[in-house]
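Today I'm opening my notebook on a new structure. I'll jot down what I look up as I go.

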Amino acid sequence: MSNKQFLTGAQLPYCKGCGHAVVAANTEKALQKLGIDPLDVVLVTDIGCHGIIDKNFLTHTVHGLHGRSSALAAGIAVGLNNPDKKVVVFAGDGGATIGMQHLISGAHLGIDLTIIVHNNMLYGMTGGQPSEFTPCGFKTPTLPEGSIKEGYDICELMASAGASYVERVVGIGDYSDSIVNALKAKGCSLVEVMEICTSYGVKSNPGMKLTKVVEDAGWKTKVFVSGKDHSFKKPVNSDTKNLISEKLEIEAKFTNNLTKPVSVMLSGSAGEGVQSAAEILAKAGMNAGLNVTKKGSYPVTVGVGFSASEIILSPKQIYYTGSSSPDVLVITSTEGLAFAKATIANMKQGAMLFIDSSLEAPETKATVIPVPFREKVGARNSALYSIFYLIHKNGYIPMDALKDVYNASKMAKRVAIETFLEF
Amino acid sequence: MQEIKKRKAFTEGSRLIAEALVRAGADTFIGYPITPANLLYLYGSKRFPTMLAAPDEITTLQWMCGFAIAGHIPVTATSFPGYALMVESINMAAIMELPMVIVLVQRLGPSTGTATRGAQGDLSVVHGTLSGGYTIPTFSISNMNDCWELAEKAVHTAVKLRTPVVLLTSKEMIMTLQSYDWSNLPEIEKVTVKKHQGNAPYLPYKAGEDLVPEFLPVSQNQHQIRITASTHDTKGILQNALPEAIENSKRLEGKVRKHLPDYTYFELDEQPDADRIVVSYGISSLATREAVTSLRDKGNKVSMLIVKTLLPISSKYVEIISKYKRAVIVEENLNGQLRQLLFGAAGRNGLTGVNAIARMINPTEIEEEVLRNE
Ligand SMILES: Cc1ncc(C[n+]2csc(CCOP(=O)(O)OP(=O)(O)O)c2C)c(N)n1
Ligand code: SF4
C-alpha cells in the first residue's frame, strides 16, 4: 500500500453524513492499495451530488453530462488503450437510470472501466425525486406515499451483460478491498454502493436502517461476478487502403457525337437489375468520353418494390445532378410504372418513353415505344436488356463502348452478352 | 467541347471525404448507421485506423469526446435524427474544447421525415446547437472538389481551434456516382496538434493571445488534466459565475470568431456591371452553377457567390451581396435559412429566395427568379 495522496485534503462538498464521502475515502484507499500513480488514473464523474467531487481528486478528472459518464469513460479507456491506466467512473443511481445503456454496453463490450454506482435510491442534487432504483415502499420528498415498484438490480443486469467483476456493498465503513478487486479486474467492473441520502432519504423515511432497506428490497450484498476475463480489443489498422484507387478510373476508349446532355431514367423492380444496368450505362458513357452521373431511388427496404435510377450523359461538365423531366424514360415493370407516374405526366414533347409491352402507357407528351423487355430476356434481365436496346435505338454512344463495359462486369459471367444483342 | 481528361473516376463524394479526413489526421471513426450517411460509415470502416460501431448517437458523441481527451481526432457521420440526439454532447465537446468532425448529411425532415430524400434544412439547427449563442464552425460542401478540400479544412479547424466542426452536406454528394477527374486533387496536409511542452505548470484552459489553450491528453502523467462540461475557470474547475469562468466561456466564441478570416471559404464569380447576384451553398449550388452558366450563355450579366464557410457567418458575405441591387439566395428548405441568417426576418429590398422542399431546385426556376424584376 502506497501513501500517495489521491484527495486534496480539502473539505468534501457533501452534506454531513452523506455516504458519497465514504465512497471517496474508500476509492483513495483502494488506489493506494493498488500502488498506482495518481496521474495514471482518470476519474470520470457524472452529474449529481456525487459528481462534484472532481476538484477534490488529484488524478486526472473529467466531469461530463448527466448519465453519460460510462460512455465518456469508455471513449477515454479505448482511446488510451493502455492497461497501465485506470479509468474510474463515479455515477449516481440517477445517472445509472438515464444512462443505463452505457453501463450495459460497457459490460457487453468489456471496456476496461471501474464503475462505482452511488446508489442512494433517489436524485439527491435535484431535491430527492425517485429514480428507477428506488425500492418498493421507499419514500422521497416528491413521493411521500412511497414507491410502488421494485428498483432495478444493476448488479444482476451488469452480470448478465458480461461484466468481469460485480459486487454490491453497503456503503458503511471500509469496503476498499471490493474496489481493489474491481480495479484489478480486466474488462468492465462495477461496485454498487448502497447509501441513504441524509438530506432527503433519511428525512422522508425516519428511523429507517440502510441494511434493512437493502434486505427488504431483496438486493443481495455479495460478489456477483469475479475472475471473468472479458475485455475489449481496440481495432487498430494503420495500414488501411487508399480509397483513391486506380481501379475506379475509367479511361475513354471510344468517342461520341453527343452535342447536348441526355438524361435517362430507368424505372423497374427490385431484383431486376435496374441499379446494375444504370451503372453499366453510366460507365459506358465514360468509356465513350462523356461526363456522367448516376443515382438511385428505392424504398428503404431495398429488396422489394420499385427500383429506379437516373443517369445523365453529357459532353459538357455536369453541375446539376438532378433532372426535372428525363429525355428518355424506360419502364420495365408494373412497380416501375407506378413509381414513374408523375414523371411520365411531366415528360415533354420529343422525349421518349420505352415501356414493357405488357404494360399500358399512361397519357403523356412523350413518344411511346412498347418493347417486350420481359418477354425477350425474362424479368431478372429486363433492365440490362433495356440499356442495350436504348443504345441500339438512339445511338448516344457506340454500342462497342457498352459491350466493352458489360464484358468487363461481373454480370458478363452470368448472362452472355449475346442475350442482349437481339433486337 | 471535349476536355482533356487524365484520370477520371466513377465515384461518390463520400469516398473523397473519408480519404481526405484521414489524410488530414483524423484517426478514429465512430459510426451509428443512418440513411443517407451510410456510405461514410462504410468508407469509415475501410479507411480509418480505428472504426467503432456505437450503440446509439449519444454514445457516439461521448466516445468521440473520450477519444479526443485521450489525444485522438474522431469523426462521425449522421443525419438530423442522429444529430438531434447528439446535441447535448456536442455542447459538451464545445465547452471541453475537444476537436472532432461531425459530417451532417441532410435529409428531408421534420423528424424522421423521408430518409431517402435529400434536403438542405439543417443550417438553423446547427446554428442553434450551442446554448447561449456560441458557434460551431460549419463548412458546406458545394461540389466534388469541396468533398476533398473542405474535409481537410474541417480537421484543421477542429484541431487548431480545439472545437467540434460540422461538415454539412446532403444525400446527393454522398450517394450519387459521377465521373470525376481527380488527377489534380491538391496535396492534403496532416494537421499538427499544438501541445504544452516542458515542465512549466499547465492550466488546461489558459489561453494566450490566440485564445486557444494548449492541449495535453490524459495519456501523459506529467501534468494533471481537468476537463469539465460545467462552467469552469482556467484550471478546469467548476465555478458557477465567477468572472474568470464567465470570461473563459466567452473565450469559446472569441476564438472561433478571431480566427474566422483564416477559415472563411467561398467562391465569388463576379461579372463586371452585373446588378444581380445569385447566392447559394451546399446541394443547391449544383443547380445554381448550371443556371448562372446558362444565364450568361444567353447574354445576361449575373454574379455568383457560393458560400462554403457557413458558420460563423462572415460579414464579408453581407458586404458582397450589398453591392447588388438584386440578390437571389437559393436553398432547399422552406423559408431560406441562410437568407434569414444574413439579413434577418426583415430582409432587404431586392432580396428574394428560391426555395423548395422534397425535391432538388432546378436551374430553370433559378434563372426565372434572377431575371424577374423586383
Ligand atoms: C439531461 C439532464 N437531465 C436532468 C438533469 C438534472 N439533474 C441533475 S443531477 C440529477 C439527478 C442526480 O441524481 P443521482 O445521479 O442519483 O446523483 P445524486 O445527486 O443522488 O448523487 C438530475 C436529474 C441534468 N443535469 N441533465
Ligand atoms: S443531498 Fe443527499 S446525496 Fe446530495 S450531498 Fe446531501 S446527502 Fe449527499
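Predicted model: local features only at pLDDT ≥ 70, side-chain atom pairs only at ≥ 80, totals over all residues.

I started with chain A, which splits into domain 1 (19–225) and domain 2 (246–420). The bounds come from an automatic or database domain assignment. I looked up the distance between the centres of these two domains of chain A, taken over C-alpha atoms, and got 61 Å.

Residues are numbered from 1 along each chain as its sequence is written, chains are lettered from A and ligands numbered from 1 in the order in which they are written, and side-chain values use heavy atoms, with hydrogens and water left out.

Next, chain B. I found domain 1 (1–263) and domain 2 (265–371) there. The C-alpha centres of these two domains of chain B are 27 Å apart. Domain 1 of chain B puts 32 residues into the contact and domain 2 of chain B puts in 26; contact means heavy atoms within 4.5 Å.

Then I checked where the two chains' helices pack. Helix H2 (residues 69–80) of chain A meets helix H3 (residues 57–69) of chain B at about 45°, and their axes are 7 Å apart. Helices here are DSSP runs (H or I, at least four residues) and strands are too (E, at least two), numbered from the N terminus. The axes are lines fitted to C-alpha atoms, for helices over the stretch in contact, and angles run from 0 to 180 degrees between N-to-C directions. So H2(A) is oblique to H3(B), since under 35 degrees counts as roughly parallel, over 145 as roughly antiparallel, 65 to 115 as roughly perpendicular and the rest as oblique.

Who makes that contact? I listed the residues, among them A:Leu72 and A:Ile76 of H2(A) and B:Trp63 and B:Phe67 of H3(B). They divide into nine nonpolar, five polar and no charged. For this count, Ala, Val, Leu, Ile, Met, Phe, Trp, Tyr, Cys and Pro are nonpolar, Asp, Glu, Lys and Arg are charged, and the others, Gly among them, are polar.

The peptide bond from B:Thr35 to B:Pro36 is cis, with omega near 5°, and B:Pro36 sits in the loop between strand E2 (28–31) and helix H2 (38–47) of chain B. I found another cis bond joining B:Gly109 and B:Pro110, with omega about -5°.
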